[in-house]
Amino acid sequence: MRVHAGKLALVTGASRGIGRAIAERLGADGAYVIVHYNRAVEEAEVTLASIRSSGGQGILVQSDLAEAEGANVLVSRVTSVLTTQFADPRLDILVNNAGVGGGAPFADATPVDFDRTVTVNLRAPFFVIQGLLPHLRDGGRIINISSIGTRAAFAHMAVYAPAKAGLEALTRILANELGRRGITVNAVSPGATATDMNPRARDPKTAQAVASTIALGRVGRPADIAAIVAVLASPDGAWITGQTIDASGGQRL
Ligand SMILES: NC(=O)c1ccc[n+]([C@@H]2O[C@H](COP(=O)([O-])OP(=O)(O)OC[C@H]3O[C@@H](n4cnc5c(N)ncnc54)[C@H](OP(=O)(O)O)[C@@H]3O)[C@@H](O)[C@H]2O)c1
């Protein structure tokens, strides 16, 4: 039997990159996956097709998490999927993966950059969790995708890293609050991973220089991160909570 058979999962930002790999992995492991996306509908359809080709099931749900109402829109669309399609409308796994990189160094960051980066990376997960908590099954899993930018100083992450640090703090608070329901809450912090967000890691011409800062000698692949999320989401992850798991192959140790 597949490890996530019968489970219901939501993965935000699952149209591309790490989120797609997480959705594919949970789907291949038997979960029904709600694949969230914002703009990349065709890419999200590729994710869903890939889940189906491995024998899994899922559905697409759109919302713009940079909008003030984006988290509420997502919550109401997910709630509608749960209540209309499932006799037992309970979510088992919530992965807050959608994110935007903060490209600006401290001196250049504008209030617009700040608000957008904090909204997508921190405010949205906060209100998505709050809104979906009544639908989360006791014994469920919340996994927040952070970044090693919270422990290493990268100049261009002056807004992004503090937003992710807030997400890690929220992770600990919620782990404490939800533990009596058997719900675990953890953060996973990727290092440089080859996706659209990280062109230096994705481009073979620059990836080697990035890899030279990583103990395991290569940049991350989205599937590396998905494997860690899959363990945390599984029954074997039941005794890990309130933690930030480094998923960088040992970058900048
Ligand atoms: N790649 C790295 O090196 C790295 C390192 C550390 C941490 N991370 C974290 O890992 C997570 C995934 O990153 P990635 O590298 O896979 O990024 P990516 O390839 O750029 O994909 C980002 C995903 O987030 C969604 N998203 C972006 N803005 C959104 C918005 N306003 N509303 C709703 N969804 C939105 C995108 O949806 P659409 O495509 O549909 O617009 C897409 O699915 C992020 O939280 C990121 O901070 C990445």
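## Salt bridges, contacts and overall fold

Arg202 has a relative accessible area of 44%, so this residue is partly exposed (buried means under 20% relative accessible area, exposed over 50%, and partly exposed in between, using a 1.4 Å probe and protein chains only). Its side chain meets that of Asp196 in a salt bridge, with N and O 2.5 Å apart (a salt bridge is a side-chain nitrogen of Lys or Arg within 4 Å of a carboxyl oxygen of Asp or Glu). Asp196 is also partly exposed, at 40% relative accessibility. Through salt bridges with shared partners, Arg16, Asp196 and Arg202 form one network.

Before going further, a word on what you are looking at. This is a predicted model, in which local features need pLDDT of at least 70 and side-chain atom pairs count only at pLDDT 80 or more, while totals for chains, interfaces and linings use all residues. Residues are numbered from 1 along each chain as its sequence is written, and side-chain values use heavy atoms, with hydrogens and water left out.

**The whole chain**

The protein chain has eight helices and seven strands (helices, H or I with at least four residues, and strands, E with at least two, are DSSP runs numbered from the N terminus). Its C-alpha trace spans about 50 × 35 × 35 Å along the principal axes. How does the radius of gyration compare with that of a compact globule? For 253 residues such a globule would have a value near 18 Å, and the chain has 17 Å, which agrees (the radius is taken over C-alpha atoms, and the globule rule is 2.2 Å times the number of residues to the power 0.38).

Of the 253 residues, 49% count as buried. If you look at contacts between residues at least 6 apart in sequence, 74% of them join residues at least 24 apart (contact means heavy atoms within 4.5 Å).

The structure holds nine salt bridges in total. In one of them, Glu43 and Arg20 bring N and O to 3.0 Å. This pair links distant parts of the chain, with Glu43 in helix α2 (residues 41–53) and Arg20 in helix α1 (residues 17–28), 23 residues apart.

Another salt bridge joins Arg137 to Asp88, whose closest N and O atoms are 3.0 Å apart. Arg137 sits in strand β5 (residues 136–145) and Asp88 in the loop between α3 (70–85) and β4 (91–96), so the pair ties together parts that are 49 residues apart in sequence.

| Residue | Relative accessible area | Class |
|---|---|---|
| Glu43 | 33% | partly exposed |
| Arg20 | 18% | buried |
| Arg137 | 27% | partly exposed |
| Asp88 | 42% | partly exposed |
| Arg16 | 38% | partly exposed |
| Arg252 | 40% | partly exposed |

Arg16, a member of the network with Asp196 and Arg202, is placed in the loop between β1 (8–11) and α1. Setting aside neighbours within four places in sequence, Arg16 is in contact with Ala40, Glu43 and Asp196. Arg16 and Asp88 are 72 residues apart in sequence, and their C-alpha atoms are 29 Å apart.

Arg252 belongs to the segment after β7 (244–247). Its phi is near 50°, a positive value in a residue other than glycine.

His36 is part of strand β2 (residues 32–37) and counts as buried, at 2% relative accessibility. Which residues is His36 in contact with, leaving aside neighbours within four places in sequence? Among them are Leu10, Val11, Thr12, Val61, Leu74 and Ala98. Thr12 is 24 residues from His36 along the chain, and the two C-alpha atoms are separated by 4.7 Å.

Ala155 is exposed, with a relative accessible area of 61%. You will find Ala155 in the loop between β5 and α5 (160–178). Beyond neighbours within four places in sequence, Ala155 is in contact with Ala104, Pro105 and Phe106. Between Ala155 and Ala215 there are 60 residues in sequence and 21 Å in space, C-alpha to C-alpha.
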